[in-house]
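Here is a short briefing on aromatic rings and their surroundings. Look at the structure, then read on.

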Amino acid sequence: MDAAGVVLPGGGSGSGSSTSSRIERNNAVLKDPSWFGQFRNGSNPWMARYVYALIFLSANLLAWAARDYGGSALTEMERLKVCDGKSDCLGAEGVLRVSLGCFVFFILMFLLTVGTSKLQDPRDAWHSGWWSAKIAIWVGVTLLAFLLPSTIVRIYGEIAHFGAGVFLLIQLVSVISFITWINDRCLSEKNAERCHIHVMVVATGSYVISLVGIIMMFIWYTPDPSCLLNIFFITWSLVLLQLMTSVSLHPKDAETCSFFAQINAGFLAPGLMGLYVVFLCCEPAGESCNRKAESSKRTDWLTIISFVIGLLAIVIATFSTGIDSQCFQKSETQGGGGEKEEDEVPYGYGFFHFVFATGAMYFAMLLIGWNTHHAIKKWTIDVGWTSAWVRIVNEWLAVCVYSK
């Protein structure tokens with residue numbers, strides 16, 4: 001590890017020149033967008049993001065392995081007597097233990113890096129380097145989680161419900177902020193003429209995909225009129241799509257402008273929001289109302305691919321949300337377009353780790369179906385009525401936040 005990666009608080013003489021050289025090198029790295037330039041410099045905040053994402057992905061895979069294939073190993077642990085030998089419960093508890101280790105690691109990183117604003121801060125070196133020590137800490141806290149009494153793990157499981165909800169709220173604000181930023185950039189006087197065709201193509205495509213998705217949901221999840229709840233969920237998604245479009249196309253006036261922030265926003269923003277809404281409502285629950293339920297009972301290549309995509313989506317969502325701290329800051333650099341000082345960190349380290357900490361709770365909830373006593377089949381993720389209600393409530397909340 002180079003000298004820049006070992007600057008610690010209270011460094012001796014010469015630490016000032018070492019810090020200055022680290023700042024200059026980091027500035028050069030930040031201006032180099034290539035992957036080779038990112039990884040060639042072993043200790044920099046841009047490369048650090050991918051290492052943390054890799055740790056998070058490893059935790060996801062370990063939790064999945066504990067759930068689907070760790071039952072026999074977990075039965076050997078005397079501290080899991082609360083499950084009475086039930087493999088399903090042991091699998092869920094294994095997920096929570098892996099999640100707890102991941103949560104503790106990232107919450108420690110949050111406490112150690114929150115408030116870092118300058119590259120010369122010694123905490124920048126800790127965030128961007130010292131990988132051997134941090135990987136050892138992650139492995140250590142994960143192993144420690146498997147030695148804790150089941151009572152503590154059950155308490156963590158209850159807390160994780162709220163932590164996962166916090167993650168969903170942060171992700172929701174981030175997604176809406178990103179959609180609004182794209183819409184504002186495309187409709188600005190500078191880009192309106194140049195992006196006109198692109199906006200129409202993307203907006204039209206978004207509406208077509210959203211409508212096709214709603215039609216397919218009616219085919220897959222409402223095989224007969226008795227599936228009233230699924231019919232309601234899907235129909236209401238269509239109503240919300242129409243509501244967002246009506247709000248966005250409403251002409252501005254003094255009375256409505258104070259209530260609806262997205263009026264006169266065109267077709268692009270509601271079209272992209274429609275994709276997000278349909279995505280959240282993509283799989284209502286109830287095997288009797290699911291034409292794909294019969295095929296989902298057997299594990300085939302499509303089931304495995306769907307599971308892998310779902311797992312990667314968790315990591316990507318956590319990663320993209322973690323570096324989007326600006327949407328939660330009231331500053332002149334909204335949308336990332338403002339100028340930063342040369343010695344300013346490129347993103348909020350504390351916020352980044354906090355998102356990953358809540359993301360650890362979120363992936364645990366998805367893998368156990370938001371229910372510690374619910375039996376989850378192998379190669380499945382985010383299934384069951386509890387998961388369905390979480391997605392639906394998140395969908396409705398997204399529309400409310402977007403419209404305000």
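Rings of Phe, Tyr and Trp (its six-membered ring) pair if their centres lie within 6.5 Å; planes under 30 degrees apart count as stacked, over 60 as edge-to-face and the rest as tilted. By this rule there are 24 aromatic pairs. This is a predicted model: local features need pLDDT of at least 70, side-chain atom pairs count only at pLDDT 80 or more, and totals for chains, interfaces and linings use all residues. Residues are numbered from 1 along each chain as its sequence is written, and side-chain values use heavy atoms, with hydrogens and water left out.

**One ring pair**
- Phe 56 and Phe 363 pair edge-to-face, with 5.6 Å between centres and 75° between planes.
- This pair joins distant parts of the chain, 307 residues apart: Phe 56 is in helix H3 (residues 45-69) and Phe 363 in helix H15 (residues 349-367).
- Helices are DSSP runs (H or I, at least four residues), numbered from the N terminus.
- Phe 56 is buried, at 0% relative accessible area; buried means under 20% (1.4 Å probe, protein chains only).
- Phe 363 is buried too, also at 0%.

**A ring cluster**
- Ring pairs link a cluster whose members include Trp 46, Phe 56, Trp 131, Tyr 349 and Phe 363.

**A charge over rings**
- The charged end of Lys 134 sits over the ring of Trp 131, 3.8 Å from its centre.
- Lys 134 also lies over the face of Trp 126, at 5.4 Å from the ring centre.
- Here NZ of Lys or CZ of Arg must be within 6 Å of the ring centre and within 35 degrees of the ring normal.

Terms used: Helices (H or I, at least four residues) and strands (E, at least two) are DSSP runs, numbered from the N terminus. Buried means under 20% relative accessible area, exposed over 50%, partly exposed in between (1.4 Å probe, protein chains only).
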